[in-house]
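Dear colleague,

Here is the structure I said I would pass on. My notes follow below it.

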Amino acid sequence: GQQATAFNPTEVHEQAMRLYEEDPTNWKPVETLLRKALLINGSYTPALLDYGMLVSKERLAFTFADGLFQRALRAEPLNATVFRKYGEFQHQHLGDLEEAKKAFEHALDLNPQ
């Protein structure tokens, strides 16, 4: 039942993102679940990335979001997806095209499409 999976960051993260898809305006419980996933595993990359996007979009907390992305980059320095998401964040939320370009180029180096 519910209890057995309460400590699985993947399931907590998936539950959070399902909630967010159902109703993006009700993002506070989503944030709570993402924080819970990261309490279970502080370097769980998918939750770090989604939490980073959430706080930059909903709270405009760009410095905090950047810290979450940096944690994801440290956790998985060879993961092209992490660099792609970081590039999206730099581009969409910070308007930093130079940093975004660097992140996207790095993602391509790691995982040529």
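How many aromatic pairs does a search of the whole structure find? The search gives 4. Please keep in mind that this is a predicted model.

Two of the pairs involve Phe69. In one, the ring centres of Phe69 and Tyr86 are 5.8 Å apart and the planes stand at 50°, so the pair counts as tilted. Phe69 belongs to helix 4 (residues 62–75) and Tyr86 to helix 5 (residues 80–94), so this pair ties together parts 17 residues apart in sequence. Phe69 has a relative accessible area of 0% and is buried; Tyr86, at 9%, is buried as well.

In the other, Phe69 and Phe89 have ring centres 4.7 Å apart with planes at 25°; the angle is under 30 degrees, so the pair is stacked. Here too helix 4 is linked to helix 5, with the two residues 20 apart. Phe89 is buried, like Phe69. Through these ring pairs, Phe69, Tyr86 and Phe89 form a cluster.

As for the chain overall, the secondary structure consists of 6 helices and 0 strands. The radius of gyration is 14 Å, close to the 13 Å that the globule rule gives for 113 residues, so the chain is as compact as a globular protein of that length. The C-alpha trace spans about 45 × 25 × 25 Å along its principal axes. Buried residues account for 36% of the 113. Of the contacts between residues at least 6 apart in sequence, 48% join residues at least 24 apart.

On charge, there are 12 positive and 16 negative side chains, and the centres of the two sets lie 5 Å apart.

Best regards

Notes
Residues are numbered from 1 along each chain as its sequence is written. This is a predicted model: local features need pLDDT of at least 70, side-chain atom pairs count only at pLDDT 80 or more; totals for chains, interfaces and linings use all residues. Side-chain values use heavy atoms; hydrogens and water are left out. Helices (H or I, at least four residues) and strands (E, at least two) are DSSP runs, numbered from the N terminus. The radius of gyration is taken over C-alpha atoms; the globule rule is 2.2 Å times the number of residues to the power 0.38. Buried means under 20% relative accessible area, exposed over 50%, partly exposed in between (1.4 Å probe, protein chains only). Contact means heavy atoms within 4.5 Å. Lys and Arg count as positive and Asp and Glu as negative; His and the chain ends are not counted. The place of a charge is taken as NZ of Lys, CZ of Arg, CG of Asp or CD of Glu. Rings of Phe, Tyr and Trp (its six-membered ring) pair if their centres lie within 6.5 Å; planes under 30 degrees apart count as stacked, over 60 as edge-to-face and the rest as tilted.
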